[in-house]
Amino acid sequence: MVDRGILSSLRYLLADVIGDDDETPPFLPEGLPEPVMAVASDGIHLLIDYQGPSYAHLYVDRLRRFIGKRGVDDAMLTDIARLMAVRMSYEDPIRIAQLKLFELDGRPGASAGSVDVKKFRIEELIGALPAVLAEYVLDALEWAGWMHKRVSIRFSTASRFGIRRLKIEAGLRRWRLLSVRYAKERVWVERWLHMIDRSLTKQPRAAPAIVQTATMIEGYGDVYRQGLADWNAIIDGLVKPTFDGVLALPDLGTAVVEARAAAMPDPRQAALKRRIAEIRARVPAGSNAAVPSS
(Lines give C-alpha, C1' and ligand atoms only; values in the text may rest on other atoms or scores of the structure.)
Protein backbone atom coordinates (compact mmCIF):
# COMPACT_ATOMS: atom_id res chain seq x y z
CA MET A 1 0.00 0.00 0.00
CA VAL A 2 1.34 3.45 -0.94
CA ASP A 3 1.87 5.69 2.10
CA ARG A 4 -0.98 8.20 2.47
CA GLY A 5 1.48 10.92 3.46
CA ILE A 6 3.38 10.48 0.17
CA LEU A 7 0.16 10.68 -1.85
CA SER A 8 -0.88 13.82 0.03
CA SER A 9 2.52 15.42 -0.57
CA LEU A 10 2.38 14.67 -4.29
CA ARG A 11 -1.18 15.94 -4.62
CA TYR A 12 -0.41 19.25 -2.91
CA LEU A 13 2.90 19.61 -4.76
CA LEU A 14 1.11 19.24 -8.11
CA ALA A 15 -1.57 21.75 -7.14
CA ASP A 16 1.10 24.30 -6.25
CA VAL A 17 3.23 23.83 -9.36
CA ILE A 18 0.60 23.90 -12.11
CA GLY A 19 -0.67 27.34 -11.20
CA ASP A 20 -1.44 29.80 -8.46
CA ASP A 21 -2.37 28.05 -5.27
CA ASP A 22 -5.94 29.29 -5.14
CA GLU A 23 -7.27 26.38 -3.10
CA THR A 24 -9.57 27.25 -0.23
CA PRO A 25 -7.75 27.34 3.11
CA PRO A 26 -8.52 24.22 5.16
CA PHE A 27 -10.89 24.10 8.08
CA LEU A 28 -9.87 22.64 11.39
CA PRO A 29 -10.27 18.85 11.21
CA GLU A 30 -13.51 17.39 12.49
CA GLY A 31 -13.35 16.09 16.04
CA LEU A 32 -10.38 18.26 17.04
CA PRO A 33 -10.60 18.90 20.82
CA GLU A 34 -11.29 22.50 21.77
CA PRO A 35 -8.01 22.93 23.72
CA VAL A 36 -6.04 22.09 20.55
CA MET A 37 -7.92 24.42 18.21
CA ALA A 38 -5.91 27.59 18.81
CA VAL A 39 -2.56 25.88 18.19
CA ALA A 40 -3.84 24.05 15.09
CA SER A 41 -5.33 27.29 13.73
CA ASP A 42 -2.01 29.05 14.22
CA GLY A 43 -0.32 26.16 12.40
CA ILE A 44 -2.68 26.48 9.43
CA HIS A 45 -2.08 30.23 9.13
CA LEU A 46 1.69 29.77 9.48
CA LEU A 47 1.81 27.21 6.67
CA ILE A 48 -0.41 29.28 4.39
CA ASP A 49 2.08 32.13 4.75
CA TYR A 50 4.96 29.70 4.34
CA GLN A 51 3.80 27.80 1.26
CA GLY A 52 0.08 28.21 0.56
CA PRO A 53 -3.35 26.69 1.30
CA SER A 54 -2.53 23.35 -0.32
CA TYR A 55 0.41 22.86 2.02
CA ALA A 56 -1.81 23.71 4.99
CA HIS A 57 -4.19 20.95 3.82
CA LEU A 58 -1.30 18.49 4.10
CA TYR A 59 -0.77 19.64 7.70
CA VAL A 60 -4.45 19.07 8.50
CA ASP A 61 -4.36 15.61 6.91
CA ARG A 62 -1.35 14.65 9.00
CA LEU A 63 -2.92 16.00 12.19
CA ARG A 64 -6.16 14.14 11.51
CA ARG A 65 -4.38 10.80 11.95
CA PHE A 66 -4.08 11.38 15.70
CA ILE A 67 -7.54 12.77 16.49
CA GLY A 68 -9.39 10.31 18.70
CA LYS A 69 -6.46 7.90 18.66
CA ARG A 70 -6.07 5.82 21.78
CA GLY A 71 -3.41 7.21 24.11
CA VAL A 72 -3.41 10.70 22.57
CA ASP A 73 -4.74 13.23 25.09
CA ASP A 74 -5.25 16.95 24.48
CA ALA A 75 -1.75 17.85 25.69
CA MET A 76 -0.04 15.39 23.34
CA LEU A 77 -2.19 16.39 20.38
CA THR A 78 -1.39 20.04 21.08
CA ASP A 79 2.33 19.25 21.06
CA ILE A 80 2.02 17.29 17.81
CA ALA A 81 0.10 20.16 16.18
CA ARG A 82 2.60 22.79 17.33
CA LEU A 83 5.80 20.89 16.59
CA MET A 84 4.61 19.60 13.22
CA ALA A 85 3.81 23.16 12.09
CA VAL A 86 7.30 24.26 13.16
CA ARG A 87 9.01 21.44 11.29
CA MET A 88 6.87 21.93 8.18
CA SER A 89 7.96 25.59 8.12
CA TYR A 90 11.65 24.74 8.25
CA GLU A 91 14.22 27.50 7.79
CA ASP A 92 15.67 27.50 4.31
CA PRO A 93 17.01 30.56 2.45
CA ILE A 94 13.56 31.04 0.93
CA ARG A 95 11.95 31.28 4.36
CA ILE A 96 14.58 33.66 5.69
CA ALA A 97 13.94 35.92 2.68
CA GLN A 98 10.20 35.77 3.36
CA LEU A 99 10.66 36.71 7.01
CA LYS A 100 12.99 39.56 6.08
CA LEU A 101 10.39 40.97 3.71
CA PHE A 102 7.72 40.70 6.41
CA GLU A 103 9.74 43.23 8.40
CA LEU A 104 8.75 45.87 5.86
CA ASP A 105 5.04 45.43 6.55
CA GLY A 106 3.88 47.91 9.15
CA ARG A 107 7.14 48.05 11.07
CA PRO A 108 8.04 51.50 12.42
CA GLY A 109 11.22 52.73 10.75
CA ALA A 110 11.08 49.97 8.15
CA SER A 111 12.15 52.39 5.43
CA ALA A 112 15.62 52.51 7.03
CA GLY A 113 16.08 48.81 6.36
CA SER A 114 18.49 46.37 7.92
CA VAL A 115 20.95 43.66 6.95
CA ASP A 116 21.24 40.12 8.32
CA VAL A 117 24.14 37.88 7.38
CA LYS A 118 23.49 34.13 7.60
CA LYS A 119 26.00 31.32 7.15
CA PHE A 120 24.92 28.27 5.17
CA ARG A 121 26.64 25.22 3.86
CA ILE A 122 26.70 25.46 0.09
CA GLU A 123 24.74 22.21 -0.13
CA GLU A 124 21.86 23.92 1.73
CA LEU A 125 21.69 26.72 -0.82
CA ILE A 126 21.67 24.29 -3.73
CA GLY A 127 19.24 21.99 -1.88
CA ALA A 128 16.60 24.72 -1.99
CA LEU A 129 16.51 24.47 -5.79
CA PRO A 130 14.37 21.99 -7.76
CA ALA A 131 15.90 18.52 -7.56
CA VAL A 132 16.19 18.22 -11.33
CA LEU A 133 18.75 21.06 -11.23
CA ALA A 134 20.18 20.62 -7.75
CA GLU A 135 21.27 17.00 -8.12
CA TYR A 136 23.66 17.78 -10.99
CA VAL A 137 25.14 20.75 -9.12
CA LEU A 138 25.50 18.75 -5.91
CA ASP A 139 27.30 15.97 -7.79
CA ALA A 140 29.73 18.52 -9.23
CA LEU A 141 30.30 20.12 -5.81
CA GLU A 142 30.98 16.73 -4.26
CA TRP A 143 33.45 15.90 -7.03
CA ALA A 144 35.22 19.22 -6.39
CA GLY A 145 35.23 18.69 -2.63
CA TRP A 146 33.16 21.83 -1.99
CA MET A 147 30.01 20.19 -0.65
CA HIS A 148 30.52 21.35 2.93
CA LYS A 149 31.95 24.78 2.26
CA ARG A 150 30.26 27.59 4.18
CA VAL A 151 28.87 30.64 2.43
CA SER A 152 27.74 33.93 3.99
CA ILE A 153 24.55 35.34 2.48
CA ARG A 154 23.22 38.86 3.03
CA PHE A 155 19.48 39.34 3.53
CA SER A 156 19.00 43.09 3.20
CA THR A 157 16.12 45.55 3.20
CA ALA A 158 18.57 48.47 3.27
CA SER A 159 18.49 49.10 -0.48
CA ARG A 160 16.21 48.66 -3.46
CA PHE A 161 18.59 46.07 -4.87
CA GLY A 162 18.52 44.13 -1.59
CA ILE A 163 14.73 44.17 -1.46
CA ARG A 164 14.50 43.12 -5.10
CA ARG A 165 16.82 40.20 -4.42
CA LEU A 166 14.77 39.17 -1.37
CA LYS A 167 11.65 39.11 -3.53
CA ILE A 168 13.37 36.88 -6.08
CA GLU A 169 14.57 34.53 -3.32
CA ALA A 170 11.15 34.46 -1.63
CA GLY A 171 9.58 33.83 -5.05
CA LEU A 172 11.40 30.49 -5.18
CA ARG A 173 8.64 29.31 -2.84
CA ARG A 174 6.85 28.21 -6.00
CA TRP A 175 9.46 25.49 -6.48
CA ARG A 176 10.14 24.58 -2.85
CA LEU A 177 8.08 21.39 -2.96
CA LEU A 178 10.24 20.16 -5.84
CA SER A 179 13.48 20.76 -3.94
CA VAL A 180 15.98 18.29 -2.54
CA ARG A 181 15.48 19.78 0.93
CA TYR A 182 11.69 19.38 0.86
CA ALA A 183 11.99 15.71 -0.10
CA LYS A 184 14.21 15.14 2.95
CA GLU A 185 11.90 17.12 5.24
CA ARG A 186 8.84 15.18 4.05
CA VAL A 187 10.58 11.90 4.84
CA TRP A 188 11.60 13.21 8.27
CA VAL A 189 8.09 14.38 9.24
CA GLU A 190 6.54 11.11 8.12
CA ARG A 191 9.12 9.09 10.06
CA TRP A 192 8.57 11.18 13.19
CA LEU A 193 4.81 10.66 12.96
CA HIS A 194 5.34 6.95 12.29
CA MET A 195 7.50 6.59 15.41
CA ILE A 196 4.82 8.34 17.49
CA ASP A 197 2.22 5.98 16.07
CA ARG A 198 4.35 2.90 16.80
CA SER A 199 4.98 4.12 20.32
CA LEU A 200 1.25 4.45 20.96
CA THR A 201 0.95 0.77 20.05
CA LYS A 202 4.15 -0.62 21.57
CA GLN A 203 5.01 1.71 24.48
CA PRO A 204 2.35 4.37 25.07
CA ARG A 205 4.22 5.88 28.00
CA ALA A 206 7.16 6.70 25.73
CA ALA A 207 5.04 8.58 23.18
CA PRO A 208 5.36 12.06 24.79
CA ALA A 209 9.16 11.78 24.81
CA ILE A 210 9.18 10.78 21.15
CA VAL A 211 6.87 13.68 20.26
CA GLN A 212 9.29 16.06 21.94
CA THR A 213 12.27 14.80 19.93
CA ALA A 214 11.11 17.17 17.17
CA THR A 215 12.61 20.01 19.20
CA MET A 216 16.07 18.57 18.53
CA ILE A 217 15.96 19.84 14.95
CA GLU A 218 15.91 23.57 14.32
CA GLY A 219 17.48 26.40 12.42
CA TYR A 220 19.86 25.99 9.51
CA GLY A 221 23.52 25.35 8.82
CA ASP A 222 25.58 23.41 11.34
CA VAL A 223 22.93 23.62 14.08
CA TYR A 224 20.35 21.98 11.83
CA ARG A 225 22.72 19.26 10.64
CA GLN A 226 23.83 18.43 14.18
CA GLY A 227 20.26 18.19 15.46
CA LEU A 228 19.20 15.96 12.58
CA ALA A 229 22.19 13.66 13.04
CA ASP A 230 21.53 13.39 16.80
CA TRP A 231 17.84 12.65 16.21
CA ASN A 232 18.66 9.86 13.77
CA ALA A 233 21.21 8.39 16.19
CA ILE A 234 18.59 8.14 18.96
CA ILE A 235 15.84 6.81 16.72
CA ASP A 236 18.09 4.24 15.01
CA GLY A 237 19.97 3.28 18.17
CA LEU A 238 17.13 3.06 20.70
CA VAL A 239 13.62 3.72 19.44
CA LYS A 240 13.34 1.61 16.29
CA PRO A 241 15.20 -1.41 17.75
CA THR A 242 12.82 -1.38 20.71
CA PHE A 243 9.74 -1.30 18.51
CA ASP A 244 11.19 -3.99 16.27
CA GLY A 245 11.68 -6.28 19.29
CA VAL A 246 15.47 -6.30 18.92
CA LEU A 247 16.17 -4.33 22.09
CA ALA A 248 14.38 -4.88 25.42
CA LEU A 249 13.91 -1.36 26.78
CA PRO A 250 10.88 -1.44 29.09
CA ASP A 251 11.12 2.31 29.77
CA LEU A 252 11.94 3.75 26.37
CA GLY A 253 10.78 7.26 27.25
CA THR A 254 13.36 7.60 30.03
CA ALA A 255 16.06 6.19 27.75
CA VAL A 256 15.26 8.78 25.07
CA VAL A 257 15.43 11.62 27.61
CA GLU A 258 18.72 10.26 28.96
CA ALA A 259 20.23 10.03 25.50
CA ARG A 260 19.09 13.54 24.59
CA ALA A 261 20.83 14.90 27.69
CA ALA A 262 24.12 13.55 26.33
CA ALA A 263 23.80 15.23 22.93
CA MET A 264 26.47 17.89 22.48
CA PRO A 265 27.46 20.21 19.60
CA ASP A 266 29.97 17.62 18.43
CA PRO A 267 29.97 16.43 14.80
CA ARG A 268 31.55 13.16 15.96
CA GLN A 269 28.69 12.60 18.45
CA ALA A 270 31.14 10.99 20.86
CA ALA A 271 29.17 11.58 24.08
CA LEU A 272 25.83 10.70 22.50
CA LYS A 273 27.09 7.48 20.91
CA ARG A 274 28.71 6.48 24.19
CA ARG A 275 25.48 7.07 26.12
CA ILE A 276 23.40 5.12 23.60
CA ALA A 277 25.87 2.23 23.87
CA GLU A 278 25.64 2.35 27.68
CA ILE A 279 21.84 2.28 27.58
CA ARG A 280 21.85 -0.65 25.17
CA ALA A 281 24.38 -2.50 27.33
CA ARG A 282 22.08 -2.35 30.36
CA VAL A 283 19.41 -4.52 28.76
CA PRO A 284 19.50 -7.87 26.96
CA ALA A 285 18.98 -7.90 23.22
CA GLY A 286 16.78 -10.27 21.27
CA SER A 287 13.49 -9.98 23.13
CA ASN A 288 10.36 -8.00 22.42
CA ALA A 289 10.44 -4.73 24.33
CA ALA A 290 6.81 -3.82 23.87
CA VAL A 291 5.01 -2.85 27.03
CA PRO A 292 1.21 -2.99 27.25
CA SER A 293 -0.71 0.22 27.80
CA SER A 294 -1.28 1.04 31.44
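Keep in mind that the model is predicted.

Let's start with the whole chain. The protein has 13 helices and 2 strands, and 48% of its 294 residues count as buried. If you look at contacts between residues at least 6 apart in sequence, 77% of them join residues at least 24 apart. The accessible surface is about 15,100 Å², and carbon and sulfur atoms account for 58% of that area.

Now zoom in on a helix pair. Helix α2 spans residues 34-50 and helix α3 spans residues 53-64; their axes lie 7 Å apart, at an angle of about 145 degrees. The crossing of α2 past α3 is right-handed. On the α2 side, the residues that meet α3 include Val39, Ile44 and Leu47, while α3 contributes Tyr55, Tyr59 and Leu63, among others. By class, this contact has 12 nonpolar residues, 1 polar residue and no charged ones.

Tyr59 leads us on to the largest nonpolar core, which has 59 residues; Tyr59 and Trp192 touch the most other members. Helices that each supply at least two residues of this core are α2, α3, α4 (74-88), α9 (180-202), α10 (207-212), α11 (221-243), α12 (252-262) and α13 (270-281).

What is Trp192 in contact with, leaving aside its neighbours within four places in sequence? The partners are Ile80, Leu83, Met84, Ile210, Val211, Thr213, Ala214 and Trp231. As general background, nonpolar side chains tend to be buried together in soluble globular proteins.

Terms used: Residues are numbered from 1 along each chain as its sequence is written. This is a predicted model: local features need pLDDT of at least 70, side-chain atom pairs count only at pLDDT 80 or more; totals for chains, interfaces and linings use all residues. Side-chain values use heavy atoms; hydrogens and water are left out. Helices (H or I, at least four residues) and strands (E, at least two) are DSSP runs, numbered from the N terminus. Buried means under 20% relative accessible area, exposed over 50%, partly exposed in between (1.4 Å probe, protein chains only). Contact means heavy atoms within 4.5 Å. Accessible areas come from the Shrake-Rupley method with a 1.4 Å probe; for residues, only the protein chains shown count as cover. Axes are lines fitted to C-alpha atoms, for helices over the stretch in contact, and angles run from 0 to 180 degrees between N-to-C directions. A crossing is left-handed if the near helix is turned anticlockwise from the far one by less than a right angle, and right-handed if clockwise. Ala, Val, Leu, Ile, Met, Phe, Trp, Tyr, Cys and Pro count as nonpolar, Asp, Glu, Lys and Arg as charged, and the others, Gly among them, as polar. A nonpolar core is a set of buried Ala, Val, Leu, Ile, Met, Phe, Trp, Tyr and Cys residues joined through side-chain atoms within 4.5 Å.
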